[in-house]
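Me: I would like to learn how to read the contacts and the surface of a model such as this one. Could we go through it feature by feature?

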Amino acid sequence: MYAFEIERPSSIADAVAALKSEEAQALGGGQTLIPALKQRLAMPEQLVSLAGIPEMRGVCKSDAGELCIGGATPHAVVAKEAMADFPALADMAGHIGDPAVRNRGTIGGSLANNDPSACYPCAALATGAAIITNAREIAADDYFQGMFSTALEEGEIITEVKLPIPEKANYQKFVQPASRFALVGVMVAKYADGVRVAVTGASENGVFRWSEAEAALSADFSASALDDIKTSADGMIGDLHGSPEYRAHLIGVLTKRAVTAAA
Amino acid sequence: MPKDNGIGASSKRREDVRFLTGDGQYTDDINIHGQLYVHFLRSDVAHAKINAVNTEAAAAMPGVQRIFTGADFEAVGSIPCGWQVTDRHGEPMQEPRHAVLAHDKVRHVGDPIAAVVADTYAQARDAAEAIELDLTDLPAVIDMKEAAKEGSTKVHDDLTSNLCYDWGFVEENRDAVDAAIKEAAHVTTLELVNNRLVANPMEPRVAVGDYDKSKDEHTLYTTSQNPHVIRLLMGAFVLGIPEHKLRVIAPDVGGGFGTKIFHYAEEAFCTFAAKELKRPVKWTASRSEAFMSDAQGRDHVTKIELALDADNNFTAIRTETYANMGAYLSTFASSVPTWLHGTLMAGNYKTPLIYVNVKAMFTNTVPVDAYRGAGRPEATFQLERVIDKAARELGVDPIALRRQNYVTEFPYATPVAVEYDTGDYHATMDKLEEIADLKGFDARRKESEAKGKLRGLGINSYIEACGIAPSNLVGQLGARAGLYDAATVRVNATGSISVMVGAHSHGQGHETTFPQVIAEMIGIPEEQIDIVHGDTGRIPFGMGTYGSRSLAVCGSAMVRAAEKVIAKSKKIAAHLLEASADDIELKDGKFSVAGTDKEVEWGAVTLAAYVPHNYPLEDIEPGLEETAFYDPANFTYPAGAYACEVEVDPDTGKVTIERFSAADDFGNVINPMIVDGQVHGGIAQGIGQALLENCSYDDTGQLLSASYMDYAMPRADDVPFYAVDHSCQTPCTHNPLGVKGCGEAGAIGSPPSVVNAVIDALHSGGHKVAHIDMPLTPGRVWSAMNS
Ligand SMILES: Cc1cc2nc3c(=O)[nH]c(=O)nc-3n(C[C@H](O)[C@H](O)[C@H](O)COP(=O)(O)OP(=O)(O)OC[C@H]3O[C@@H](n4cnc5c(N)ncnc54)[C@H](O)[C@@H]3O)c2cc1C
């Protein structure tokens, strides 16, 4: 770790102001950023902690039927407070990392980081969430731009995430045995106007929507509706833990399981 | 009623109180006034020529005291290998120089190039980043079979090739084995990989060097399993410091698993630099450094052939193994694939002819050395896998095939030069069939099938050799040290006892078990006895802890020393009781005269020894302290039978362990609870190897599994509740406690059970898969099912 200064603003406005400096970087729960700093992979001069901003924490339900989660809300809080309205999301949040990670790591940090194996990007995309920043509202479909890449501008912070609550949903995570991130993760979310399916962990372009499965499931929300759809191994990640073919295969298995579990 | 004191009692591990309450004193807890910190600049490429190391800018950075490079160590000794193996042709192995800091070339990712010593650790690390390196990258050789090819890149330019040795064992049997395989009714062949592992003790390595100028004395605090071995190797071979000027202290050590046996460059560096700078120098490894500098384990590529006659009797075994040494020869690297592997190829079976060939290769990877089991897991795995494959090919029951070929008469001289003193392999298999409820397997398989899962059962036997080792024998085999151990029993005036032992406890629970033995011998409470270990300044010259040797070898030394103490104390008691020493009995902490009611307490006798007012000073010296050295007459041979039941998810290839049972024969058992714990831990590591752990390099020598994000350690939910039993006991015939050793058994016996179980599960689902290399990750199992 290199030496840095730390700011602890208590309002979004102060945080945004502090982040104007080019050498400053937002700090959420630090579960990704702090290990990177320890490895000396980044050298910000200043960290701006978002943990002490009350308006960025908490979970509530909007009149429009969205689950609204403050950008600095830790996973453990989501695991508890989303349980009644959006159990699939609560379950997903409750299986991220270990208790320490869940008590520190935040939804904003996860979405800003957009790790290709992370869980929240999958939920945001599967629900067609709105990513609210200090400056604007970004639709999930426009937000994710490939591995570790998002529509966020320099110094822009995620203040809130609004996820339309589905009629039925399920998240299936097949863990990579070392990191226990998703080797492949699939969220299926059924709405009155159709089904959305998002896949994490598998593609070299990060989280993506599986449109063929969406079409089939929108017509017939059952696992057997997916029987004739195959995923291609092209563009899938191949590494120590699984080949592109294996990941492509898991997408099909997990999507079916998610549908069965949701139905 | 179960005992609550002495041998056989499940006494609670007294050391755990300080470990679990944060009061342990580990090497990193040692901070000496004025200490400096060293950071090693390590190679990030696997193979390169070092043209220049420019430290000028770095040396001017804040807090930097001095920067050392390879040039500073040119005149310093090479990190030695402790075992010289002689090859098939009678030639000594090729032994490269291993400098403390790399000079001419770097040979693996993590090879240290420079060492920055500064006032703080951060300053040292900052300055290391300012060092300018001029390296010319060279092609790296990673694959052992590539390394063996004519014209391959050489890891060491001054050696004739990358071959460390080509070992044949027993060379005289070679032709006879070839002939037997030719004539056999059936031959089963299996090619397999024993995957490379990272040891991953919870505590990373640490070293603190200290130098007292006024006395010209060095002290090294280090995370070692064997402080005397480090003193011997570093003092005599590397730095040239005489023993009486060098003290090595290994305080609480947070796990070793073998990788803390060896003498490492960082220890020599801290000792050397402390004298140069006249200030203490401390190094604490980061976890990343541990991945690229702790000696790694296993890494064999093997072809094994098992020949059987028409009645399914084993007639011959032939193996050919490539064993990875990595870039340099670590302390015991050469002995692991040879004397700890070839000698175990007979397993539990009376195969008359065996030939083992091992080609040890240098590659541009981290050195490989002993890791829990060391050579014996590699032997057991290939043997028990090939027997399972043979049973399947022949359509016979795998247990029956094993039983038919078991050694049943002891002592048994194997065709691979060792003699098993005792054992009862049918008894442990009987016990296993009972505790694993093998009768209920078919019903459990049906339940799994109803859930859409494939269930498999894997069983195997194992044998290992512990209690390392008779010095005269290992001397003939190339060991450059004796392998005895030593203990001093110091009885204090009030009757309490300190036992100074050469064995080192880094998780094994010696502080609990060793006193149990003394408590039993004298008949006093365990609490009255403490052991002292881990400090060459306080203990006699013992060789430390590895190879499940502590109780069998050091415990035997302790018994011998205690016997001397008891003999002397009987003389004192005889004087006090005015009787003859021959008539004195010691029981429950009291000396009595046989056939009378005259008695005297242990404490009264010990007091008399130190306050000798009424004492036979003309016949015996005052005081009550005795030392014994014990050199074992043979190895010990723990053995057993293991069973694993798995479920395989046919959709994903994911394996879950449903049941695991272990029936072990460890001879006599001192503390059953601690033995259970040792077996549990060993099995967890074996399951880790079988399903999860994989130290993997890419073609350029970059470590792909360089952190816990990619190196999968077993976690609590990866392992089942175990059924373990050690009630089958055939005591060792040649040590005074009749103990055999239990530290490695779990890690040796379990990998084949897991793999055998998965193969069985796949066959039950119609997948005719002959073998899958470890780790059996979901992806590998799925591809095996679908290819
Ligand atoms: C052991 C372990 C296991 C894990 N397992 C999983 C898992 O199974 N699934 C999973 O999805 N994740 C997993 N994670 C990641 C975890 O969810 C992290 O919490 C998350 O990736 C980052 O969130 P954070 O709040 O800690 O962000 P930080 O680490 O603080 O920041 C990450 C990045 O986001 C930026 N940032 C932080 N907050 C904001 C914000 N509000 N607006 C804009 N930018 C912001 C930072 O500047 C930084 O660039 C794991 C992490 C660990 C350490």
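Me: By class, how many nonpolar, polar and charged residues does the shell around the ligand have?
Reply: Before the count, some conventions: this is a predicted model, in which local features need pLDDT of at least 70 and side-chain atom pairs count only at pLDDT 80 or more, while totals for chains, interfaces and linings use all residues. Residues are numbered from 1 along each chain as its sequence is written, chains are lettered from A and ligands numbered from 1 in the order in which they are written, and side-chain values use heavy atoms, with hydrogens and water left out. As to classes, Ala, Val, Leu, Ile, Met, Phe, Trp, Tyr, Cys and Pro count as nonpolar, Asp, Glu, Lys and Arg as charged, and the others, Gly among them, as polar. Here the shell has 13 nonpolar, 13 polar and three charged residues.

Me: Which residues come nearest to the ligand, and which helix gives the most to the shell?
Reply: A residue is near a molecule if one of its heavy atoms lies within 4 Å of it. Of the 29 residues around the ligand, A:A26, A:G29, A:G30, A:T106 and A:C119 come nearest. Helices (H or I, at least four residues) and strands (E, at least two) are DSSP runs numbered from the N terminus; helix 6 of chain A gives the most, with four residues, and both strand 2 (24–27) and helix 6 (107–113) of chain A supply at least two.

Me: Where do oxygen atoms of the ligand lie 2.6 Å or 2.8 Å from N or O atoms of the protein?
Reply: A polar contact is a pair of N or O atoms within 3.5 Å; within protein, one must be able to donate a hydrogen and the other to accept it, and residues adjacent in sequence count only if both atoms are side-chain atoms. An N or O atom in the side chain of A:T106 is 2.6 Å from a ligand oxygen, and a backbone N or O atom of A:Q31 lies 2.8 Å from a ligand oxygen. A polar backbone atom of A:C119 is 2.7 Å from an oxygen atom of the ligand. Taken alone the ligand exposes 960 Å², of which the protein buries 90%; accessible areas come from the Shrake-Rupley method with a 1.4 Å probe, and for residues only the protein chains shown count as cover.

Me: Is B:T730 buried or exposed?
Reply: Buried means under 20% relative accessible area, exposed over 50%, and partly exposed in between (1.4 Å probe, protein chains only). B:T730 has 17% and is therefore buried, and its side chain makes a polar contact with that of B:D665 (2.5 Å).
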